[in-house]
Amino acid sequence: MTTMIKHTFWLVVVTLVLSFPASARWDYQDDDLPTPSEDAVSLESEIGNLPSKLFMTPSDSNKVRRLLAYTLDEQDREIIAFNEALAVYRDETNEAHWFDVQTQYLTLNSLSLSKQALLELASDKTFEQLTGFGPDGVTQFKQEFEISRLNAEYFLFFQLRSLRT
């Protein structure tokens, strides 16, 4: 009986030793994944450092207004860049152009989330000014409509690429 236990033990050891090199790696990760721009990431971290609306000081409120103005300007620039990246991809569909399109999409999405967070922290007057029916609210509506149009085009290309693979 002890001989059988020894043989079983050695069989298990040999099986384990030989099976480890054949194990699959589940941690495969691409090194070149698209990411939002550094400006969008730093803006997001600055917003994360702001206190809750209840605990804001006047200097925090001023910082929210400055960050909101910066976010709106940056969003205008990124809309143009995203539109250009989609146009280039439309003309020539290759991986490098798709990478640029995805980077622009992620950047614009990050800026939209930052704007949303800043509007929640902004004063009621600023919130109403940017979301109401006045000239600034209409401008924001047009901006959001353009972002929606570009996102729809992006998702169309994304689905077409998915069907090809």
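Start by selecting Leu156, Leu160 and Leu163: together they form a nonpolar patch on the surface with about 320 Å² of accessible area. A patch joins residues with over 30% relative accessible area and no salt bridge, like charges within 9 Å and nonpolar side chains (Val, Leu, Ile, Met, Phe, Trp, Tyr) within 5 Å. A salt bridge here is a side-chain nitrogen of Lys or Arg within 4 Å of a carboxyl oxygen of Asp or Glu. Areas come from the Shrake-Rupley method with a 1.4 Å probe, and for residues only the protein chains shown count as cover.

This is a predicted model, in which local features need pLDDT of at least 70 and side-chain atom pairs count only at pLDDT 80 or more, while totals for chains, interfaces and linings use all residues. Residues are numbered from 1 along each chain as its sequence is written, and side-chain values use heavy atoms, leaving out hydrogens and water.

Stay on Leu160, which lies in helix H6 (residues 135-164). Leu160 is partly exposed, at 37% relative accessible area; buried means under 20%, exposed over 50%, and partly exposed in between (1.4 Å probe, protein chains only).

Now show the whole chain as a cartoon. There are 6 helices and 0 strands, where helices (H or I, at least four residues) and strands (E, at least two) are DSSP runs numbered from the N terminus. Buried residues make up 31% of the 165 residues. The chain exposes about 11700 Å², and carbon and sulfur atoms supply 62% of that. Among contacts (heavy atoms within 4.5 Å) with a separation of 6 or more, 77% are between residues 24 or more positions apart.

Next, display the aromatic side chains. The whole structure holds 11 aromatic pairs. Rings of Phe, Tyr and Trp (its six-membered ring) pair if their centres lie within 6.5 Å; planes under 30 degrees apart count as stacked, over 60 as edge-to-face and the rest as tilted.

Select Phe82 and Tyr105: the ring centres are 6.4 Å apart and the planes are at 45°, so the pair is tilted. Phe82 sits in helix H3 (residues 58-91) and Tyr105 in helix H4 (residues 95-121), so the pair ties together parts 23 residues apart in sequence. Both are buried: Phe82 has a relative accessible area of 0%, and Tyr105 has 15%.

For a second pair, pick Phe141 and Phe145, which are stacked, with 6.4 Å centre to centre and 25° between the planes. These two are 4 residues apart in helix H6, about one helical turn. Phe141 is exposed at 58% relative accessible area, and Phe145 is exposed at 55%.

Then select Phe82, Tyr89, Trp98, Tyr105, Tyr154, Phe155, Phe157 and Phe158, which ring pairs link into a cluster.

Move to the interior. A nonpolar core is a set of buried Ala, Val, Leu, Ile, Met, Phe, Trp, Tyr and Cys residues joined through side-chain atoms within 4.5 Å. In the largest one, of 15 residues, Leu50, Val64, Leu67, Leu68 and Leu118 touch the most other members. Helix H2 (38-48), H3 and H4 each supply at least two residues of this core. Centre on Val64: beyond its neighbours within four places in sequence, Val64 is in contact with Leu50, Met56, Leu118, Leu121 and Ala122. Another core lies apart from it, with 13 residues, among them Tyr89, Trp98, Tyr105 and Phe157.

Last stop: Thr71 in helix H3. Thr71 is buried, with a relative accessible area of 0%. Not counting residues up to four places away in sequence, Thr71 touches Leu43, Leu111, Ser114, Lys115 and Leu118.
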